[in-house]
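Good morning, and thank you for coming. Please take a moment to look at the sequence and the model on the screen.

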Amino acid sequence: MVDMLNLNNLQLDALKEVGNIGAGNAATALSKMIKTRIEMSVPDIMILPFSRIAATIGGPDAHVTAIYYTIKGQAPGTLLFLIPVIDARKIAGVLLNKGVSDDQLPFDEMECSAIRELGNIMAGSFLNALNMFTSIHFVPTVPALCIDMVGAILGSVLTNLGMVSDYVLFIKTEFKYQGNHALGNLYFLPEAEALQVILNSLGVNN
Amino acid sequence: MSKNRLNIDIAEYKAARHPTELVAIGLGSCVGICLYDPVARIGGLAHVMLPDSTQATLSNNKGKFVDTAIPALIAEMSKLGADRSRLVAKIVGGAEMFNFANASDFMRIGKRNVEATIAALKTEKIPVIAQDTGKNYGRSIRFCTNDGKLYIKSINHGEKIM
């Protein structure tokens, strides 16, 4: 099994490229859905103990909309899309062809469903691109949606990873509107087993 | 952040004497276990994420699991001068943040965390004197070692003191 704390530069670059290809495809899908040009950052790869993760994604009390997928199959892991609540409202408004709803109200059923659908399409695009690149078959589960504090969301999302490691490896890509206004972040968190499978498929397994 | 405030992030535990406040932000399925010695005015907070270390592969992080964090936290508090026979507990968190239609019990991690916490505290003979657990939203807590009061905040469910 690969040790995530001892990955070499070639392996880290390969994983970043995986993130880049997946997120590129997801950005295109997002851009089509909301009919706006979307830019993305070069992916970052981070390997951190659990206690440090929330700080890298806006702090544990940041209020976000999270769409979360568990990936099954040969390369298990997690895909997590976090959008600040205010931006998620705007996107839901665009998708539903209506104005932005009042901040103080919880998301209604239609808004939730629009955001979930957006997540579905982005996850599908991300995993399709990965499948083309690595020939690995990724199986996404149904998406789960949660609107709350980052810290509270992470605890649940990291459950599976917490069972097997004290560290989490994640590949993060930031999506931006034109003019650099942040829209949201996509996180891909392969489990240790999946890291091995992905690196093998790319021929950088040692 | 004042120097009299200690932040306890996920999978961490810390103990402190009064007047330090112990803070855990964003407890979802995680449980915040607050222990208090009201005479010595020493408090401890563990921000645990999983119920059982024996089901996990080797881990060096005691703060991650209920069954390892509680004894470690008691030891930490004893070092500061707390008397374990005086300890009382308040527990918060253990929500189910994501609603999966066909969730098995194994997936209900919040519920399992709370059950494991209550069982472990029973083993240690520490009474649970207050509890705000379950439901489906995140909570942030501030635990005052001056008086053992616990302030609970959430985004849509107001504030609560217990």
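I shall speak about the fold of chain B and then about the cysteines. Please keep in mind that this is a predicted model.

Let us begin with the secondary structure. Chain B contains 10 strands and two helices. Read from the N terminus, its elements follow the order β-β-β-β-β-α-β-α-β-β-β-β.

Next, the overall dimensions. Along the principal axes, the C-alpha atoms of chain B occupy a box of roughly 45 × 35 × 25 Å. The radius of gyration of chain B is 15 Å, which agrees with the value near 15 Å for a compact globule of 162 residues. Of these 162 residues, 53% count as buried.

Finally, the cysteines. How many disulfides does the structure hold over all chains? The number is zero. A:Cys112, for instance, is in no disulfide, and the nearest cysteine sulfur, in A:Cys146, is 10 Å away. A:Cys112 counts as buried because its relative accessibility is 13%, below the 20% cut-off. B:Cys144 is likewise in no disulfide, the nearest cysteine sulfur being that of B:Cys34, 10 Å away. With a relative accessible area of 10%, B:Cys144 is also buried.

Thank you for your attention.

Terms used: Residues numbered from 1 in each chain as written. Chains lettered and ligands numbered in written order. Predicted model: local features only at pLDDT ≥ 70, side-chain atom pairs only at ≥ 80, totals over all residues. Heavy atoms only, no water. Disulfide = S-S within 2.5 Å. Buried < 20%, exposed > 50% of the residue type's maximum accessible area, 1.4 Å probe, protein only. Helix = DSSP H or I, 4+ residues; strand = E, 2+ residues; numbered from the N terminus. Rg over C-alpha atoms; globule rule 2.2 N^0.38 Å.
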